[in-house]
Amino acid sequence: MTPAVLTGDLGRTFTAKPFGSKSHKPVTVTALSHVNLEIPPGELFGLLGPNGAGKTTLIRILSTLLLPSYGKAFVGGYDIETHPQKIRSLINMVSGGETSGYGMLTARESLWLFTQFYGIPYNEAFKRIDYLLKVVGLEDRANVKLHDLSTGMRQKVNFARGFLNNPSVLFLDEPTLGLDVHIARGVRTFIKEWMKEEEGRTILLTTHYLQEAEQLCDRVAIISDGKIIACDTPDGLKKLIPGRIRLELVIQPVNGRTPSWNDITGLNLIEEKEADNEILFRFLLNDEGIVHHIMNRLVNSEARILSLKKHEPDLEDVFVAITGKKLCDDETAEPPEIPEQ
Amino acid sequence: MIEGEGFWKFLERQIRVIIARAYVRVVGMNREPSWMLFDVSLPVLYLAAYLFLYKSMNADETFMGCLVLGGSMVGFWMNVLWGMAGQFYWEKEMGNLQIFFLSPISRMSILIGMALGGMYSTIIRTLVTFFLASWLFHVPFHVTNIWTLLAVFFLTLTALYGLGMIGSSVFMLWGRKGLFLTELLHEPVFFLSGFYFPVRILGFVVAGIASVLPITLGLDGMRQVIYGGVTNIIFLPVGTEILLLGILTVLYGIGACYFLNVMEKRAKQDGRILTRWL
Ligand SMILES: Nc1ncnc2c1ncn2[C@@H]1O[C@H](COP(=O)(O)OP(=O)(O)O)[C@@H](O)[C@H]1O
Ligand SMILES: [Mg+2]
């Protein structure tokens, strides 16, 4: 069976003038480095990584907008360098947070314009448009001019655009970026339904929300600094860190004394938050035995334990364990709310 | 063309793209009829200033005709400069450029659609301005041969919009510098093309150089046909001008395809041209 997406040793570098620097010597940025991926048809494949990891670069190469610096890439069995037009007839792409269309046209007309790029006949086109506008909850705004819609609504129109041509391979670059929680939830539900609707549809979805990857994707590749560092099912990925557990500890320090953790081997402090004289620590432990060391330190510091919770590791823990980095560099960035299954 | 697709299917899809993209402009104009008011009243006002001056000097009627025609045709130059040459830039700002390049279409179809849409609205404006100004200021005209007039007019437009299409890709390659250039080009072109006077006044050499701008030849040719039989303002015979405009159309058409390809290739290589924030 021809893979929906196949890359061989794919890489991309950019040369850019350093911003704000006086030297005019261009610097070389590695956006993607020796990427090998194979996505079979019918798979919802996730690419999980922090900002700047190279997710968008990979999507742009696969959707024929950018050439690789080295290596090969195939979509639907076609080489992106030699058969871009063929690939374009099979794919579509949506970047979350982006809008498209013309302010003078209504949402319905803008989408009609894009259906014409795929030669979709009039009746068929409007049938799909009306269906998709309903999916994104804009059926009552279908005939409102785009420049009278809010940015969020225009983003939804752009999301609908990606499905107009029934692509066999769909690239979704952070599709829920900037969407309200309940709309993001609707989007995720629709993505799942759309995959089921017809056999053989493939989605490559990038995200930096680990729950999104975990909940939605059949397989997930973890990308960091342009390199794929792990690729498996969400459960498979968690097995990469056997025996590890996550602890969440909330304490109240006494006399301002806080325990120090840095010399305990096998203990990884992921997060530390302080509020109202309470401190929250999140740890990733290499094995259960380390809990004992933690308790010792707590006793020595005389801190009051307010709560101690043990969790199974999630994808973020996998990410931290493998890269030694945090997924979300932005402390305030809350992951999206995931609906109960 | 997509592999495995027949020629007719390909053509049908391109025609759909052209119609769809042209539709944006047609609808745009119909939805904001107030634009029409500005687009017509401003050139007419501008013309009025000159015409009163000419009238007070008892200038020859052919000169007034020159003025009315030039003033009416200004819209085309503006449309080509801002609506064609600047258009890819705006499409990028609106997030559409990337989608064009993601779609299995000929990018030329997009440009042709833009051009046709722009021509449609500008032709209407030009006609209204021309008849209104001729009537208001009692400038008589006498068309000697309608077919010659149509030939000059449409060849002027094809060559002019061809030039605009070249501009749209070249400006993407130049980035913001392109927009500055547009503003820079604005006034000199008005002058060189002879919008407000017969270009012959500039002398044969300057007029010849200015003829790389199709509007120069177009205005000169149309004046000869519209203000029947005048000979004192002619730069080149109409027949020659039709031929030259035909050649320019072909050259600029080829140039538009060429620069479009260069632009796409460059965009795919350095990854900066198509996306909004880079
Ligand atoms: N056109 C470009 N020019 C220079 N650097 C770029 C360009 N596009 C991306 N980069 C750099 O490549 C790296 C990967 O970016 P990107 O693929 O956008 O990451 P992500 O989508 O995972 O956030 C970043 O360091 C980014 O700054
Ligand atoms: Mg990105």
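Let's start with a pair of strands: strand E11 (residues 245-252) of chain A and E14(A) run antiparallel and are joined by 7 bridges. Before we go on, please keep in mind that this is a predicted model.

In chain A, 4 strands form an open sheet in the order E12-E13-E11-E14, and the pairing is antiparallel. Which strands sit at the edges? They are strand E12 (267-275) and strand E14 (304-311) of chain A, each of which pairs on one side only. From one strand to the next, the twist averages 15°. There is a helix here too: helix H9 (residues 290-301) of chain A lies across E11, E12, strand E13 (278-285) and E14 of chain A. Relative to E11(A), helix H9 runs at about 10°.

Now to another sheet of chain A. This one is open as well and has 6 strands, in the order E6-E7-E8-E3-E9-E10, with mixed pairing. E6 and strand E10 (227-232) of chain A are its edge strands, and each pairs on one side only. Neighbouring strands in this sheet are turned against each other by 15° on average, ignoring direction.

A quick reminder for anyone new to sheets: strands pair through backbone hydrogen bonds, and they can do so parallel or antiparallel. For a parallel case, look at strand E3 (residues 44-48) and strand E9 (residues 219-224) of chain A, which pair over 4 bridges. Within that pairing, A:Gly46 stands opposite A:Val220 of E9(A).

Which helices lie across E3 of chain A? One is helix H6 (residues 181-197) of chain A, which lies across E3, strand E7 (169-173) and strand E8 (202-207), at about 160° to E8(A). Another is helix H10 (residues 315-323) of chain A, lying across E3, E9 and E10 and running at about 40° to E9(A).

Let's move to E1 of chain A. E1(A) runs antiparallel to strand E4 (residues 70-75) of chain A, and 5 bridges join them. A:Val5 has A:Val75 in E4(A) as its bridge partner. E4(A) also pairs with strand E5 (residues 78-79) of chain A, in the antiparallel sense and over 2 bridges. There, A:Phe74 has A:Asp79 in E5(A) as its bridge partner. E4(A) and E5(A) make a hairpin with 2 residues between them, and A:Gly76 in the turn has a positive phi of about 60°.

On to charges. How many salt bridges does the structure hold? Over all chains, there are 24. One of them joins the side chains of A:Lys238 and A:Glu214, at 2.6 Å from N to O. A:Lys238 lies in helix H8 (residues 234-238) of chain A and A:Glu214 in helix H7 (residues 210-216) of chain A, so this pair ties together parts that are 24 residues apart in sequence.

Next, how do the two chains meet? In chain A, 41 residues are in contact with 43 residues of chain B. About 3,600 Å² is buried between them, and carbon and sulfur atoms give 57% of that area. Across this interface there are 2 salt bridges. The side chains of A:Glu109 and B:Arg31 meet in a salt bridge, at 2.7 Å from N to O. Between the chains, 13 residue pairs are in polar contact.

What does chain A bring to its side? The elements that give two or more residues are strand E1 (5-16), helix H2 (84-90), strand E6 (91-95), helix H3 (107-116) and helix H5 (151-161) of chain A. By class, that side of chain A has 18 nonpolar, 15 polar and 8 charged residues.

Helix H3 (residues 61-85) and helix H4 (residues 87-94) of chain B pack at an angle of about 35°, and their axes are 5 Å apart. From H3(B), the contact is made by B:Trp82, B:Gly83, B:Met84 and B:Ala85, and from H4(B) by B:Gln87, B:Phe88 and B:Trp90. Sorted by class, this contact has 5 nonpolar, 2 polar and no charged residues.

Definitions and conventions: Residues are numbered from 1 along each chain as its sequence is written. Chains are lettered from A and ligands numbered from 1 in the order in which they are written. This is a predicted model: local features need pLDDT of at least 70, side-chain atom pairs count only at pLDDT 80 or more; totals for chains, interfaces and linings use all residues. Side-chain values use heavy atoms; hydrogens and water are left out. Axes are lines fitted to C-alpha atoms, for helices over the stretch in contact, and angles run from 0 to 180 degrees between N-to-C directions. Contact means heavy atoms within 4.5 Å. Ala, Val, Leu, Ile, Met, Phe, Trp, Tyr, Cys and Pro count as nonpolar, Asp, Glu, Lys and Arg as charged, and the others, Gly among them, as polar. Buried area is the accessible area (1.4 Å probe) that two parts lose on being put together, summed over both. A salt bridge is a side-chain nitrogen of Lys or Arg within 4 Å of a carboxyl oxygen of Asp or Glu. A polar contact is a pair of N or O atoms within 3.5 Å; within protein, one must be able to donate a hydrogen and the other to accept it, and residues adjacent in sequence count only if both atoms are side-chain atoms. Two strands pair if DSSP finds at least two bridges between them.
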